Structure formats: structure tokens, C-alpha cells
Amino acid sequence: MPPPTRCTRFNFRTFRWMQTMIFAIEEINRDGKLLPNITLGYKIYDSCSTPYQALKATMELMGTEEGSEDEEEKKGKGSCRGAVPAVIGDGGSTQSLVVARLLGVFHVPQVSYFSSCACLSNKKEFPAFLRTMPSDFFQVDALVQLVKHFGWTWVGVIAGDDAYGRGGANIFADEVRQFGACVALHEIIPKNHAKTAMAAMVSRIRSSGARVVLVFAVEQDTAALFDEVLRQGLTGIQWLGSMGFAIRRVHIPGLQDFLLRLHPSNPDALEDPFLIPFWEEVFECSLVAGAEGQEHGRGGKPPCSGSEELGSVRNIYSDVSQLRISYNVYKAVYAIAHALKAMRSCEKGKWPFPLKACPDADSIQPWQLLHYLKQVEYLNSFGDETKFDENGDPVAMYDLVNWQLKSNGEIEFVTIGKFDETTTIGNQKLQIQEGNIVWNGNQTTVPLSVCSHICPPGTRKAIRPNFPICCHDCVVCTAGEISNQTDAIECVRCLPEFWSNAERTACIPKQVEFLSFSDTMGITLMAVALLGSFCTCMVVFIFSCHRSTPIVRANNSALSFLLLFSLTLCFLCSLTFIGRPSEWSCMLRHAAFGITFVLCISCVLGKTIVVLMAFKATLPGSNVMKWFGPTQQKAIITLCTLVQVIICIVWLAVAPPTPRQLIPRESAVVILLCDEGSPLAFSLVLGYTGLLACICLLLAFLARKLPDNFNEAKLITFSMLIFCAVWAAFVPAYISSPGKYSTVTEVFAILASSYGLLACIFAPKCYIILLRPEKNTRKHIMSKAATDKF
């Protein structure tokens, strides 16, 4: 025969659960409102947390020995016939699996207060099993939400070698893999807690690199693991306990006084087989004195004095600050009581089974009670709704508990959040007050547990070959691509009108590039243009003030003033090339440029023709000047200018210049410019202007040595040389200049040629008028003319 099974130690916590059941039963009996004229009784068996003892207790509860029933009845009034109609327990999932299989055969309802294995939700295997403890499925869901919330992707899993540990750990490992995290290690705590196996396990935890480890095990296995962790000095790990998500805590009024009522001198103590070992364990004394002449009692402990009081001792039995499992026991008792009430309230004809007869209240059948127990739904005195779903599971609600080490060395259990499986608003089942969390004893920041660092926005993950998916490198997105989330798998290319910012986290509109009034180049060109127009106006003012002097009159003052007016327009015309291109500005700038420059060159051409014709007029018998008088000069200028006007009108009517965007795919800028519209028309405008300039240059060159006043032909020659050189260089420079610099090139050509005309033609005259007035006389002009003739 194998030796009888013995319990290894007295568990104060489990003893409190038992006393809570007794408290709830007596509370129902004392109140009398819930079950009037009925007194609840109970039988208590110790399963010693072993499947064998649990099965043995179940067999006895099924009741075949009438004598044993009489001896074990407690607080019973009236009669308790046959087998018990319902069972509360067992605590552990492994024991409940054994008990549930047996009770399920006979449809005896079983309500567990602590068995959470998800496997017990299978109603095909366990049809009579219900529980007030949520299934591990929901607890694992809460743990997975916690891991996801803090971004842990490299997590270790330690499981106890039983149904609770293995089942919960396997579900957790599968769930975390589904959202992209990895299990760094998956270890099983051996039931014999062998030192070599435990030491090797802790070493593997250390070498795994995981900084967050979940322990899914009962307290005995967890304690053995932490003993080895402390021995090896393993630190820096954030431990997640399956008990970290605790069921709801309440304060049960009157329970603490009920727990402290126990005393060996109480008459009822003789009926409680657990009181003596409990008392001796609490006070470390012996209630059974030793043999005569011995100073110590049983077990070598000193005899109890009889003055011991539970209220003077602080332990887990009398601590009612964390009533969680005890509350489950309390709810289990009341669930059975409400099922009994519903059964006794049956109305004739409404019984759902054959014959529609109500059950016999004096002979309760377990299968009848099971039916009503599944239908239980009530609101208790704490405001909680108690009911069971189709799997016999309650609604999952957990408190997230942080174990915090206080300065005096004690552990404080601080609720820092909750998990409510019924929450539908925003699907935020998990709510956490992160500011109340203490990490790893005193750390205030969230620990990082990753195989590779989290790739920040602006980078993407590059998987390392032959490594788990959680192990990767972070590669910065290329220019023009972004990633706006952490751990992005790939970078997203921006739309053509957008470009990535410096951090590669967002697509921003590309920088628009055009010759602006606000940038340095634009301001410089604008200042030069305004200065040129101002200088031209000053020349006009000087000529107006000295219009009666010989030098002004001798050089055809009408043409000079018209040339100065056109030069002013040329300088101001360059301003239309600065600023954001629009439909009107594009048409204006090209048309104004073509017309004003032709007007300017036409005036120079007129002055050149006048010089040539003036020399011809000095020949004997020549009357050529009558064909080149002021009227004819105006006609020449008007005709030359009119040709350009017609070209521009046709250009603007058929294919006008329009604003256009150049969007290079690999560039961070959008170039705004004016498209010429018709390349042919643009070429005609430039070609016609160039043709007039060449004719003017040729005529001025031929007249450079003629005896005109103040060498005006030479000055026109120099001005036309500058003009033609500038525009000859403009064409290749304009074609090769990128972006806004093509516009800068065009503006520079306009200003350079305008300054050339102004400086070469009018600067010498202004010099004489202002600084050498003695030369601005008729006598001097005539003498100079006479000298030039010889």
C-alpha cells in the first residue's frame, strides 16, 4: 500500500478562503430573506493541492457512507439527504480538471473560485463546471494588451508544469506572436524544483536578452523560481506575474471580525479539525502538551499559554486589504443560494423539462440545480453583476496590480489600472495610469525589452537574415520617402508635389523656387533696375533743365527724350520678371520686354540714321534731309516698333506664355517659371530685336568717323557692341541655366544692355553739361565741327 498523502504545510490564505465560505453561508442563514425556511449546511475537505486528494474528496462528497456524513456535518439544521447538490472548489486548475470530469458525469454543479485554465470552458468535457474566476483566456488577453501597450517585442515566458501554467503560457505565446512580438525563451518550471534545472533556467533568462519575463505559474512554483533568481543575483528584469492582473477587490463588512473569532477555548473549536494546526502554525506553539517532565509539546514547540489572540498577529490570514479570491468564494456561495431561490420559486407549468413539473424542494436533484445555476443573474450588495456565459465563465474584470517595495522593506500592492472585457468604447479594454507605476523597484521609465531597438519614425526595419522577425536593423528612409510610425516595414514615397522633411517623418510641400522679391538675388536685381530707372530719370531731368543748350539741341533732343523714355521702360520691364509667375505676369514680361527694347533700338537707329543723313546733307546740292526730318524719324520708329507689336499680339493670341511647374522627381523643389508658349514667337521677338540691333551697329560703325557733334556715332557703336555682346551671350546661358537662374540670366541681360545704352550714349553728354559747361557752347561746337572736317 502506498503511504497516505500528507499536506506539506498549512496555507493561511486557503484557510481564509474556507472561512469566507462559512461566513457567507452563515450570513445567508442569519438574514433569512434570500432563502427563508432553509438553512444551508456544508462539508469541507482538504485536497492538499493534489489531484489524488481532490479526487478522493469528491468520491466522499458523492456520499455512500452515512456515518461519515453525520460526523462531518457542520452548522446543519434539519436533514441533508444523500449526496451534496453542489460543490465549491477546487482552487487549482489541475485539481478542478479531475473533479470536474467526475462531477460532470453525474451533472453535479461545481463552482470554482480560483481555477482559471481556459480548458475548463469546454462544456463538452466539463458540462457541470462553472466558476467565479475568469478564464485564463481573458487573463492572457489582458497580458497581451499590456505587452502591446508598452511596446515590448522580446518577451520571455516561464510556465508551471501543470494545466494552468502550460495552458496559459501557450495561449500567451501564440497571441503575442500574432501582433509581431517574439518569445525570447519559453521555459517550464519542474515540479520537483531541482536545483540544477532551476539554475540552468535562470542562466537562460539572463542570456536571452529579454528584459520583460512573464511567469505563468502557481505561487509554489513562482516562489521556487524567485529563490533561484535571488541566489544568482539576476536583476534588471521586469517580471509580469499572471497574478499581476488580479480580479476585483472588495471589502466584505464583518469578515475580519469573523476571521478573528477563532480561539481554542471556543466550544465550536472542537468541531473544527483545522483549528488546532492553524493555531499552532500561527503562534508556533503546541496546544497538545508534551509528556510528563518535558518542556516542549508536539513537534518540539513550546506549549501555548492560552493568552494568544489572533488580533495581535499580522499575517495573510487576517489581512483583508486584498480580498480578491475570497470575494470569488463569497460570490460562489451566493450564486448557489440564488439558484436555490430560483428553483423554489418555480411556477407550475413553466418548468422547462418533461411534464413541466417543478422540482421537489425537499429532494434537490443536482442536475436540476445545475440548470438554475447556469441561469443565475443578480446584482450583489457591492454593485457587481454575477452571471455565467454559455461556457460557465463570469465577465472578465481585472485590476492591474503593481508590486511596489516600500522603504520599510514591505511589499505594497498598488492598483494602477484595470482590464474590462465588456468595454466596447474605442475597444480600450485596458486602462493604465502609468504615472503610478514603479518599474524594477525604483525605475520611473518604462523598461525596454526588444531584440533590436524600436525603429523610430523616419526609418524602416531591415530584417536580419537567419534571425527572428523581431531582430532587425533600422535603415533611414531615402530622400523623398517617409515613415510616420515606429517599426515601419517600408518607407512610403511622397507624391510628386511633396518631399520628405529632414526627419523623414512627413511629406511636406516641395519648396517653390522662383525669382522672388524676398530672396537676395531678387532684391539685388530689383535694386539695380530701380537704380537704372532713377539714373535715366536724372538724365531726363538734366536734359530738361539744359534743353536750350547746344549739346542737347545738336543731338536731336526729341529722339533723345524718346530714347530715355524707352530706357526707363526697359529698366522697369525687368521688374516683371521678378515675383511668382502668373498668367498676366508671364504675358506682360515677354511682351513688354520685346516692345520696349525694339522701341529703344528704334530710337538709336533713328539717331544713327540722322547722323549719316546729316553728313550727306553737307554735300553740295544735297537735299536729303527733307526725307529724314522729324516726321520721317517718328515714322521709322513707329514702323519698327509696330512690327514687334504685331508679333507680340499674334503670340499672345495664339500661344501666350503661361506659368508652368517643373517637378523633378528626385528634387526637393518645385520650379515655377513662365513657359514661352510658342518657341517660334519667342524666337521671332528675340530675332527681330537682334536684327534691328545689328542694323544699328552696322550703320553706327559706318558713321563712326563722320564729323558729327561730340562723336555720337562712336558712342552709339560702343553701345550697340555692348548690346549685341550681352544678347549673344544670353542665348546659351539662358538655355543652360537651371530653375530660376534662367530668369536671372534674362533679367541680367535686360539690365546690362540697358545700362550699356544709358552709359555709352548719355554719360558723356551729362559729363559736359554738368562738369565742362565751357564746351557746351555754339562756338565750341562749330570750332570742333570745323576741325573734324579738316
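Mentor: pLDDT is the predictor's confidence in each residue, from 0 to 100, and the helices (H or I, at least four residues) and strands (E, at least two) that we discuss are DSSP runs, numbered from the N terminus. This is a predicted model, in which local features need pLDDT of at least 70 and side-chain atom pairs count only at pLDDT 80 or more, while totals for chains, interfaces and linings use all residues. Residues are numbered from 1 along each chain as its sequence is written, and side-chain values use heavy atoms, with hydrogens and water left out.

Trainee: What makes strand 4 and strand 5 a pair?

Mentor: Two strands pair if DSSP finds at least two bridges between them; strand 4 (residues 154-160) and strand 5 (residues 182-189) are joined by seven and run parallel, so they qualify as a pair. Within this pairing, Ile-158 has Glu-187 of strand 5 as its bridge partner.

Trainee: Of which hand is the crossover between them, and what decides the hand?

Mentor: A crossover is right-handed if, with the strands pointing away from the viewer, the path from the first strand over the helix to the second runs clockwise. Here the chain passes from strand 4 through helix 6 (residues 163-178) to strand 5, and this β-α-β crossover is right-handed.

Trainee: Why do strand 8 and strand 13 stand at the edges of their sheet?

Mentor: Four strands form an open, antiparallel sheet in the order 8-11-12-13. Strand 8 (245-247) and strand 13 (430-432) each have a single partner strand, so one side of each is left without a neighbour in the sheet. Strand 13 is joined to strand 12 (residues 411-420) by three bridges, with Lys-418 and Gln-431 as bridge partners.

Trainee: Why is Ile-761 called buried?

Mentor: Buried means under 20% relative accessible area, with a 1.4 Å probe and protein chains only; Ile-761 has 0%, so it is buried. Ile-761 is found in helix 20 (residues 740-771), and its C-alpha is 6.2 Å from that of Ile-716, 45 residues apart in sequence.

Note on methods: Buried means under 20% relative accessible area, exposed over 50%, partly exposed in between (1.4 Å probe, protein chains only).
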